[in-house]
Amino acid sequence: MSPCCHALVPCAGVGQRAGAGAPKQYRAIAGEAMVVHTLRALLKVERLASVLVVLSPDDTAFEAAVGELAHDPRLRVARCGGASRAESVAGGLQALLEHGVMPHDWVLVHDAARCLVEPAWVDRLIDACRDDEVGGLLALPVADTLKQQAAQAPHARVAATVDRAGKWAAQTPQMFRLGLLQPALRQAGEHITDESSAVEALGHDPRLVRGDLLNLKVTWPEDFALAERLLGAV
C-alpha cells in the first residue's frame with residue numbers, strides 16, 4: 001500500500017511572545033481565528049488523508065473558534081498537547097498511530113501560526129519528498145546579512161558578521177515518515193524547535209524545498225497587522 005500523507009498541527013501554545021493575552025491561534029485575523037486560515041488551507045490539499053490538531057488538555061475554545069470546519073471529516077483533534085512543541089508533536093504522533101496511521105506514512109507538521117500557507121506550497125513539498133528516503137521541509141535561502149550578537153555587551157551589539165552562503169530559514173510544513181520522526185523526537189528531547197533538527201540529530205539530511213516569503217510565522221505583535229493586511233487582500 002502506498003504511504004498516505006497526514007498533517008499534524010501543534011496548537012497548544014499560549015502565545016506569550018505575541019502579547020495577545022490569550023492563545024494566539026484564536027486571535028482574529030481578517031475576521032476569523034488565525035487557526036481557521038491555517039486549517040482551511042491544509043484541508044484544501046487533497047492528498048492529505050487527515051489533519052490532526054493537537055490541543056492543550058484544558059482547551060475549551062477550539063470548536064467554537066473553528067465553527068463549521070470542526071465538522072470536516074478529515075479534521076481530527078487530540079487534546080494531548082504538552083509544554084513544548086516537541087511534546088505536542090510527540091503526543092500527536094502517538095494519536096495518529098492509535099488512529100491506524102502506519103509507520104511508513106508521511107506526517108507533515110505545520111505551525112498553526114503560519115496562517116498564510118497556500119495549498120500549492122504543501123503540494124510542492126509532497127511532490128519533492130514523497131519518494132525521498134528521508135523527507136524534507138519548506139525553507140527559504142537567507143537573503144539578509146546576518147549578524148552575531150555579542151554575548152557580554154550591556155546592549156545588543158554586533159560581534160561578527162555571519163556568512164549567509166548556504167543558509168536557509170526553516171519553515172513548515174516539515175514532512176517525515178512517522179516511523180522516523182517518532183524516535184527522532186524521543187531521542188532529541190523537548191528543547192528542539194523543529195522536526196528537521198530531530199531528524200538531523202539521527203544523522204539524516206532532510207531535503208530543502210523552496211518555500212515562500214509569505215509563509216511567515218505570526219509571532220510578534222506587529223506580525224498580526226501584516227497578516228491582517230495580507231489575508232484581507234485575498
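Leu-108 has Met-175 in β10 as its bridge partner. The model is predicted; local features need pLDDT of at least 70, side-chain atom pairs count only at pLDDT 80 or more, and totals for chains, interfaces and linings use all residues. Residues are numbered from 1 along each chain as its sequence is written, and side-chain values use heavy atoms, with hydrogens and water left out.

Strands β6 (residues 106-109) and β10 (residues 168-177) run antiparallel and are joined by four bridges. Pairing requires at least two DSSP bridges between two strands. Helices (H or I, at least four residues) and strands (E, at least two) are DSSP runs, numbered from the N terminus. Seven strands make up an open, mixed sheet in the order β5-β4-β1-β6-β10-β7-β11. The twist averages 30° from one strand to the next.

Helix α1 (residues 34-43) lies across β1 (5-10), β4 (48-54) and β5, at about 160° to β4. Helix α3 (residues 85-98) lies across β1, β4, β5, β6 and β10, at about 145° to β1. Contact means heavy atoms within 4.5 Å. Axes are lines fitted to C-alpha atoms, for helices over the stretch in contact; angles run from 0 to 180 degrees between N-to-C directions.

The disulfide count is zero, a disulfide being a pair of cysteine sulfur atoms within 2.5 Å. The sulfur of Cys-11 is 12 Å from the closest cysteine sulfur, in Cys-115, too far for a bond. For Cys-129, the closest is in Cys-5, at 9.6 Å, also too far. Cys-11 is buried, with a relative accessible area of 2%; Cys-129 is buried at 0%. Buried means under 20% relative accessible area, exposed over 50%, partly exposed in between (1.4 Å probe, protein chains only).
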